[in-house]
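Me: I would like to learn how to read a sheet and a helix in a model. Could you take me through one?

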Amino acid sequence: MWRKAAGAALLALAVGYFYHTNPELPEQVLQYLSLPHPSTQSDPTLEQIISTAWETLITAPASQWGRVAVGVNACVDVVVSGIGLLQALAVDPGLGRDHEVLHSKEDLKEAFIHYMERGSAAERFFTDKEVFQRIARAAAEYPGAQLYVGGNAALIGQKLATYPKLMVLLCGPVGPKLHEMLDEQIVVPPESLQETDEYHLILEYKAGEQWGATRAPQANRFIFSHDVSNGEMRALEMFVASLDEFQPDLVVLSGLHMMEGQGRQMWEQRLKEAVAAISDVRNAVPVHLELASMTDKDYMNSIMQEVMPIVTSIGLNEQELLFLSQAGTGPHAELASWGGIPDVGRVSDILLWVLEQHGRSDPESEADLTRIHFHTLAYHVLATVDGHWANQVAAVAAGARVASIQACGLQSIDASKVVLRAPLEFHSSHGEPREKLSLNPTEPVTVWHRGNVTFHLAPVLVCKQPLRTVGLGDAISAEGLVYSEIRPQLPFL
């Protein structure tokens, strides 16, 4: 502080001396001092440049959705500190271990630690109803616990409802508490209303948070529930039946992951029924499928083989993408995990494989899948089959922007609260031939082509201190869909 004062005093003496010898100099000196200098004005940060560029890039599509039907998983989320709740349950820290289904508090602890040490999101079914209810009561009573709209379908519906010109239909198990929290713009059919709510417990942790020997590399959450209504997708047929009257321009389907915990016999039967129900949706109406965390490779493979070819678009994160490849023995299936920020070339390889194997990258294919919206913490990629979608530069940028805004709990991006973690240079593929690509902050969507598939990559400005991570993937997919435009296709002759 004293150095600044001394410098100011010396400057004043110098100006005074020059004024005495040359009275015209002070005006010249003042003009010089008023000019911007590198030492006094810092250049805009990459975060500022990107957030400014987004405002130009993100434009509405020429043709917009008017009516969107969303189903079928809906619940009330109880959000609580994961470590705090487990301590309140008198559970001690230990070693992590993944469990496909949770049967006890010990299973819960091990699965939570397994994903916390990786900084990864996960969702599991808790089989014991009485134990789950005791844990749920403890969570609801835990200091700072908060209740939110939950379930992918309800969260996507909530995000879509922020657009006043959109009419949104939500089908799913809607209890009194959830109905009270839903946006007034959302239409809930009477058949969806039930007497009690389904509760999901969201155990959150912050970047750097530690429990025993486990330290979280980034903020995320672990979700579990004993939710039979959503687990059996009981609202699916009613959802499809309601479409005839509602006449949507777009259908968004989620909740298939919830059936995994019901056992093979149940999900095999319900998956066949789900395929029949989805097939009943009018051909002209695109269907977007939102995936979520799964662990059963047979179940994921069945979804790939039976469901993906009959939907138009899918949304998924890095865990779901890698597991999808592992289940179908696709590219890079040998990877146990991503080990940090997913390599763009590997992500590109798997996305292309999905569209080639289960989509319409081949014009002769009868599959409907032409769009995949991939999201991870540091960047998002939209991969589309050429000729089917428009405005995807704006769509992928809009998804990245909403991730930054919602994670920080803001209305617009504050560049001082976010950080760029996306790679500045990357490749179009992990193998050869491949193209070396780079991120241009002034035009922050990188585009490349592989065959007749176009890839759009947008960096995410990652929130330094996220307030809430739950529902980010749903908000990203919803925002990407709002800014997407599907191109009408000529019918086959």
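Reply: Start with a term we need for packing: contact means heavy atoms within 4.5 Å. Keep in mind that this model is predicted.

Me: Which elements cover the buried residues of α11?

Reply: The cover includes α10 (236–246), β12 and α12 (297–307).

Me: Which residues of α11 are buried?

Reply: Buried means under 20% relative accessible area. In α11 that holds for Trp267, Arg270, Leu271, Ala274, Val275, Ala277 and Ile278. These residues span an arc of only 160° around the axis, so they sit on the same side of α11. Gln265 and Lys272, on the other side of α11, are exposed.

Me: How do I check the span of helix α11?

Reply: The expected span is 1.5 Å times one less than the number of residues. Helix α11 (residues 264–279) has 16 residues, so it should span 22 Å; its end C-alpha atoms lie 22 Å apart, which agrees.

Me: Now the sheet. In what order do the strands run?

Reply: The open sheet has 10 strands, ordered β7-β6-β1-β12-β13-β14-β15-β16-β22-β21, with mixed pairing. At the edges stand β7 (186–187) and β21 (446–450); each has a single partner strand, so one side of each lacks a neighbour in the sheet.

Me: In which sense do β14 and β15 pair?

Reply: Strands β14 (residues 313–317) and β15 (residues 371–375) pair in the parallel sense, over 5 bridges. Asn317 stands opposite His375 in β15.

Me: Which strands does helix α7 lie across?

Reply: Helix α7 (residues 152–160) lies across β1 (67–71), β6 (167–171), β7, β12 (250–254) and β13 (287–290). The helix α7 runs at about 155° to β1.

Notes: Residues numbered from 1 in each chain as written. Predicted model: local features only at pLDDT ≥ 70, side-chain atom pairs only at ≥ 80, totals over all residues. Heavy atoms only, no water. Pairing = 2+ DSSP bridges. Helix = DSSP H or I, 4+ residues; strand = E, 2+ residues; numbered from the N terminus. Axes fitted to C-alpha atoms, helices over the stretch in contact; angles between N-to-C directions. Buried < 20%, exposed > 50% of the residue type's maximum accessible area, 1.4 Å probe, protein only. Arc of directions from axis to C-beta.
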